[in-house]
Amino acid sequence: MKKDALDLISSQVVRKTLAQQVEEQIIDLLISNKLKPGDKLPPEMELMELLGVSRPVMREAMTSLESLGIVKRKTRDGTYFTESISNKPFSTMLSLVSDNIEAIVEARTSLELGLVTYAAEKMTAETLEALNDTIIQMENSVDNEYGEHDLMFHRIIALSVNNPVLQGMIDSLLLSHVKINAQIKYREKEKTIKHHKAIYEALKEKKPQAAFQAMYNHLKFVERKVLE
């Protein structure tokens, strides 16, 4: 790697038990253009030292990012940002406002409301089953550690639209979701599950307007928690 790894990470993680903060720091390497799609990340031990976290926390963060398609771990070769997280216009705009969380929340809301409307028309029975599985996983989670399942819920909806023109925006949506998720200090699991179930039911019944309203209610709930 050409750049000194010490220059890549801006600050250590304050609460060492929160893998979400590690995810945010790694995402920031992309949106701040310190690393690019396809670049190799510093070794695990080096990242652990730079961020001040344990191996279990680091591996939990990497597993979450890999499940979202943001990174790819190669046996005996290390971890790389995937090529699909590309420098498309939406990604560029996101990088310009990386510290403006309000702008990121508004951009995410605008994109997800459109996506869920089309998802109501396109979602298959198989995809609906996968979506419901994320809700079950959230219900079975302990200690409010359901962030990965929450992200997967939104990822499934976004990808179900299956629109190549929107793919670059969806990639950036996943990045912004990680950043927003890390800002939430107090989680309300039952309310989140209730919102997800309302969205799921609207999608299952193929009702675009109801899906739009359910998603809007959910995202306004998230906005209040992030910006309060």
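## Helix H9

Helix H9 has 16 residues, which at 1.5 Å a residue should span 22 Å. Its end C-alpha atoms are 22 Å apart, so span and expectation agree. The model is a predicted one.

Nine names make up the buried set of H9, and here they are in order: Lys189, Thr192, Ile193, His195, His196, Ile199, Tyr200, Ala202 and Leu203. These buried residues pack against four helices: H5 (101-122), H6 (125-140), H7 and H10. Just after H9, Lys206 takes a positive phi of about 55°.

## Overall layout

The chain has 228 residues, and 49% of them count as buried. Its secondary structure comes to 10 helices and two strands. From the N terminus on, the order of elements is α-α-α-β-β-α-α-α-α-α-α-α.

Taking contacts between residues at least 6 apart in sequence, 74% join residues at least 24 apart. The chain exposes about 11,800 Å². Carbon and sulfur atoms supply 51% of that area.

## Helix H10

H10 has 20 residues. From its first C-alpha to its last it reaches 28 Å, close to the 28 Å expected at 1.5 Å a residue.

H10 meets H9 in two ways. H10 is one of the helices that the buried residues of H9 pack against. The loop between H9 (189-204) and H10 holds Glu205.

## The cavity

How many cavities of 30 Å³ or more does the structure hold? The structure holds one. About 110 Å³ of space lies in the largest cavity. Its lining has 14 residues, and the closest to its centre are Asp150, Ile184, Arg187, Thr192 and Val222.

Helices H7 (147-160), H8 (167-183) and H10 (208-227) each give two or more residues to the lining. Which element gives the largest share of the lining? H10 does, with four residues. By type, the lining residues divide into five nonpolar, five polar and four charged.

## Loops and positive phi

Arg76 is not a glycine, yet it has a positive phi of about 65°. Arg76 sits in the loop between strand S1 (71-74) and strand S2 (78-81). With a relative accessible area of 89%, Arg76 is over the 50% cut-off and therefore exposed.

Asn162 is another non-glycine with a positive phi, of about 55°. The loop between H7 and H8 holds Asn162. Is Asn162 buried or exposed? Asn162 is exposed, because its relative accessible area is 67%.

Glu205, in the loop between H9 and H10, counts as partly exposed at 44% relative accessibility. Glu205 and Glu121 are 84 residues apart along the chain, and their C-alpha atoms are separated by 9.5 Å.

Glu44 lies in helix H2 (residues 44-51). At 28% relative accessibility, Glu44 counts as partly exposed. Not counting residues up to four places away in sequence, Glu44 touches Arg55, Met58 and Arg59. Glu44 and Arg55 are 11 residues apart along the chain, with their C-alpha atoms separated by 8.0 Å.

Met62 belongs to helix H3 (residues 55-67). Met62 has 5% relative accessibility, under the 20% cut-off, so it counts as buried. Leaving aside neighbours within four places in sequence, Met62 is in contact with Ile26, Leu41, Leu47, Val71, Arg73 and Thr79. Met62 and Thr79 are 17 residues apart in sequence and 8.7 Å apart in space, C-alpha to C-alpha.

Notes. Residues are numbered from 1 along each chain as its sequence is written. This is a predicted model: local features need pLDDT of at least 70, side-chain atom pairs count only at pLDDT 80 or more; totals for chains, interfaces and linings use all residues. Side-chain values use heavy atoms; hydrogens and water are left out. On a 1 Å grid over the protein atoms alone, a cavity is a set of points where a 1.4 Å probe fits but cannot get out, and a pocket is an open set with protein on both sides within 12 Å along at least five of seven lines; lining residues have an atom within 4 Å of a point. Grid points are joined across faces, edges and corners, and a volume is the space filled by probe spheres set on the points. Ala, Val, Leu, Ile, Met, Phe, Trp, Tyr, Cys and Pro count as nonpolar, Asp, Glu, Lys and Arg as charged, and the others, Gly among them, as polar. Buried means under 20% relative accessible area, exposed over 50%, partly exposed in between (1.4 Å probe, protein chains only). Contact means heavy atoms within 4.5 Å. Accessible areas come from the Shrake-Rupley method with a 1.4 Å probe; for residues, only the protein chains shown count as cover. The expected span of a helix is 1.5 Å times one less than its number of residues.
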